[in-house]
Amino acid sequence: MKQKQQHFPPPLDGDKVRSLEADALLQYLQSDLHGLSEPDAQARLDFYGANAIQEKRTSPLLKFLSYFWGPIAWMIEVAAILSAIVHHTEDLVIILVLLVFNAVVGFWQEYQAGNAIEQLKKQLALKSWVCRDGEWREVDARQLVPGDIVRIRLGDVVPADIVLVSGEYLSIDQSALTGESLPVDKRTGDLIYSSSIAKQGEMTGIVTATGAHTYFGKTAKLVSSAKTVSHFQKAVLTIGDYLIFMSLVLIAILVLVGLERHLPVMELVQFALILAVASIPVAMPAVLSVTMAVGAMSLAKLKAIVSRLESIEELAGMDILCSDKTGTLTKNELTMGEPALFNGADEQAVILTAALASELDNSDAIDNAILQKLGDKKLLASYKQENFIPFDPIKKRTEAEIKGPDGAHFKVSKGAPQVVLDLCNPDQGMRKQAEQVVNECAVKGYRALGVARTDEAGRWLFLGILPLYDPPREDARETIREVIEHGVDIKMVTGDNIAIAKQISRELGLGQNILLADQIISGKDKEDVVHNVARCAERANGFAQVFPEHKYWLVKDLQANNHLVGMTGDGVNDAPALKQADVGIAVSGATDAARAAADLVLTAPGLAVISHAIDEARRIFERMNAYAIYRITETIRIMLFMVLAMLVYNIYPITAIMIILLALLNDVPILTIAKDNTHLSSHPVRWNMRRVLTIATVLGTVGVVETFLLMIIAENYFHVSTAELQTIIFLKLAVAGHLTLFVARTRHGFLTQPFPAPLLLFAIIGTQIVAVLITGLGWFVTPISWEYIGMIWAYCLFWVFIEDALKLMTYRHLENVIPRHRRFLTRLGRSMQHHSRNHNHR
């Protein structure tokens with residue numbers, strides 16, 4: 001086998017390819033137009049390698065060791081060295097445990113997130129039609145090898161460098177590679193590059209180079225691309241920076257006061273370093289990335305694959321969804337009614353002509369409906385399709401050149417009735433009659449398909465109109481109701497005429513305010529957009545006679561009024577709209593180009609998939625929101641209390657080793673928050689920094705008050721020693737911290753549904769058992785009595801109800817105040833705009 005592989009020719013560069021004729025190229029690549037055999041293709045795959053750009057991967061060992069290098073790791077390591085110098089062996093052991101624990105957790109979280117992203121990439125892998133063993137089949141583009149015969153059609157992303165060998169023409173967008181702004185027409189003998197996009201036409205070609213040997217592979221800069229950060233992640237990372245700054249300021253105060261009071265310098269520095277490590281949100285990047293990645297995997301199980309993790313936030317906040325009618329709101333299963341006949345044609349002749357104007361090897365929903373009505377496919381056997389021009393969104397029709405049983409040649413076409421009528425140029429009487437039939441079909445909710453063929457003289461004759469009906473999906477009406485109840489306004493988008501659009505909209509319960517696509521235009525300036533077109537688009541229930549470019553302007557107009565807009569699409573020309581939308585959604589069966597442009601790729605038909613994806617995205621958002629509130633609360637609670645306690649009492653309220661134990665106990669449950677149960681919001685959710693900071697400040701301040709009160713009670717009424725007081729405060733902080741997580745995770749009462757996920761609950765119970773055993777048995781701390789432990793638990797449980805009540809009061813206050821501010825700002829804005837318009841008029 002290895003000896004055979006050595007005979008395969010090396011990949012060709014562009015200049016060499018252009019110098020060879022088609023036959024010479026086939027001979028060089030040891031292939032023919034019937035394609036390679038499967039064993040030959042496998043042998044070539046072993047020889048040439050997979051058709052992919054190999055990513056540079058870091059060794060897992062080096063990745064793990066990197067977690068011992070960096071500002072946080074350095075602080076822990078310095079604290080460990082100081083513990084060794086002063087011979088605090090117990091502190092040294094626990095500090096080293098914290099160091100290794102942080103490294104293991106960080107490595108495992110990144111590994112999990114990386115695995116999730118790899119799984120999503122596999123599900124989004126490009127497919128390609130290839131001829132193997134004389135049969136056309138769909139394979140992963142990674143499996144292509146030089147010498148393969150492949151078919152490229154409208155909407156495909158070109159999977160490798162390919163020389164075209166047969167077909168009419170292909171229009172290729174290679175702007176991403178060459179910078180050419182307009183698509184380029186390609187014909188037989190031309191070379192097309194990997195990663196360019198087929199905009200029109202269909203042709204067959206032979207693969208000349210794959211993977212790193214392609215033009216794209218050679219010119220691509222193989223560097224790790226920086227991950228984009230969503231608005232939410234930026235906001236949370238900003239909070240992280242704020243917490244770091246606050247922590248360092250408080251630690252600086254602590255150190256200065258300690259030095260002024262002549263505390264041992266080594267002990268003070270060690271304590272300050274450990275306090276910084278415990279208070280700085282070390283786990284924040286890990287929690288965010290894993291929450292996103294775990295959420296993306298949950299969405300994949302719901303048949304919605306996220307191609308950009310950050311889009312989960314936009315999906316959670318989306319308030320308008322522009323949905324394609326066909327296949328999403330309807331079944332995309334066309335049935336044919338009774339044809340309307342013209343020019344003396346009979347029904348069977350019209351249906352046969354329509355069948356001849358179809359692509360039998362790759363039939364779509366319309367072709368399937370025609371072939372089903374034709375019945376006996378053997379009728380097509382005596383005809384030979386010598387050339388075929390597929391449908392594209394610009395021409396809106398197909399055309400084929402046919403050789404009949406008698407050897408005569410003629411052309412056939414089917415497509416949009418108005419387009420086919422223009423092709424045939426009939427008299428006004430026939431045109432009026434045909435338009436009347438189309439309108440009657442539209443009133444019934446039927447699509448109409450015009451059919452024509454040429455006569456002996458080559459003149460086009462209009463033969464008839466085929467009525468086609470695509471019924472709404474059974475679940476569409478109910479799903480639309482659910483999505484609207486969740487605060488998302490659905491607008492139907494269809495290429496059909498306005499009568500069909502209104503009929504389907506009526507059946508779906510969407511309303512009758514349907515606009516024509518021509519009304520979706522861009523204003524002369526931003527003010528025009530906001531006050532005219534955008535307002536009309538906002539109020540509309542749907543849009544008819546929509547071309548792909550209209551979708552782009554529709555998204556722009558709606559975004560001008562500060563909406564987060566979702567747009568569905570399936571074709572290559574939908575790509576600009578999908579990119580412009582806040583959430584571009586490629587529906588089931590979309591072209592490779594649409595999938596590449598989309599943020600969300602659906603693998604099952606119907607609106608229910610999108611509805612489930614919106615719900616899941618909002619749950620993911622709530623988890624991240626809860627984590628942000630909890631993390632700020634804990635930093636305020638611990639840092640503020642520690643510094644104030646030292647200033648007031650001139651003692652360390654807890655020891656350095658207790659701080660490390662607290663950090664370990666707090667980190668374990670928080671890492672399970674990615675799988676927690678959350679309340680499902682009934683409206684779109686967006687990041688609200690003011691609300692998060694306010695709630696966290698209230699909870700954090702309450703935490704400081706309750707800890708100080710416990711400290712006063714323990715010292716003045718129970719007269720405990722300083723060592724016992726430190727253990728009491730340690731247990732209180734450990735118990736109250738996790739109870740605060742229960743409070744922070746929901747905007748409702750913490751005892752109401754949804755209850756915490758079992759994983760989170762078990763993690764908290766487990767760490768609380770450890771905390772109780774540490775204090776009761778005296779592991780690393782001075783032991784306290786079990787009676788004290790019970791009293792601390794009772795004290796914390798009493799305060800958690802106070803925290804929860806204050807949280808609910810704060811939320812109610814914010815919900816009342818914020819709308820008043822918004823109404824005031826809206827009135828102010830309108831007043832300024834009115835004044836501006838009057839001033840301009842004068």
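A nonpolar core is taken here as a set of buried Ala, Val, Leu, Ile, Met, Phe, Trp, Tyr and Cys residues joined through side-chain atoms within 4.5 Å. Buried means under 20% relative accessible area, exposed over 50%, and partly exposed in between, with a 1.4 Å probe and protein chains only. The model is predicted, so local features need pLDDT of at least 70 and side-chain atom pairs count only at pLDDT 80 or more, while totals for chains, interfaces and linings use all residues. Residues are numbered from 1 along each chain as its sequence is written, and side-chain values use heavy atoms, with hydrogens and water left out.

The protein chain contains 30 helices and 22 strands; helices (H or I, at least four residues) and strands (E, at least two) are DSSP runs, numbered from the N terminus. Of its 842 residues, 53% count as buried. Among contacts (heavy atoms within 4.5 Å) with a separation of 6 or more, 72% link residues 24 or more positions apart.

The largest nonpolar core holds 141 residues, and Phe271, Leu275 and Ile654 touch the most other members. Helix α25 (residues 607-649) supplies the largest share of this core, 23 residues. Setting aside residues up to four places away in sequence, Phe271 touches Leu254, Met642, Met646, Tyr652, Ile654, Thr655, Ala656 and Ile659. Another core, of 26 residues, lies apart from it and has Ala354, Ala357, Ala369 and Ile402 among its members.

One of these residues, Ala369, is also found among the buried residues of helix α16 (residues 365-374), together with Ile366, Asp367, Ile370, Leu371 and Leu374. The cover over the buried residues of α16 includes β10 (335-336), α15 (347-356), β14 (409-415), β15 (447-454) and β16 (460-469). Just after α16, Gly375 adopts a positive phi of about 85°.

Two packed helices are described by the angle between their axes and the distance between the axes. Helices α28 (residues 722-744) and α29 (residues 758-777) pack at an angle of about 170°, with axes 10 Å apart. This makes α28 roughly antiparallel to α29, the class for angles over 145 degrees. Residues making the contact include Phe730, Leu731 and Phe742 of α28 and Leu760, Ile764 and Val772 of α29.

Also in helix α28 is Leu739, which counts as buried at 10% relative accessibility. Beyond its neighbours within four places in sequence, Leu739 is in contact with Cys796, Leu797 and Val800. Leu739 and Trp799 are 60 residues apart in sequence, with a C-alpha to C-alpha distance of 9.5 Å.

Definitions and conventions:
Axes are lines fitted to C-alpha atoms, for helices over the stretch in contact, and angles run from 0 to 180 degrees between N-to-C directions. Angles under 35 degrees count as roughly parallel, over 145 as roughly antiparallel, 65 to 115 as roughly perpendicular and the rest as oblique.
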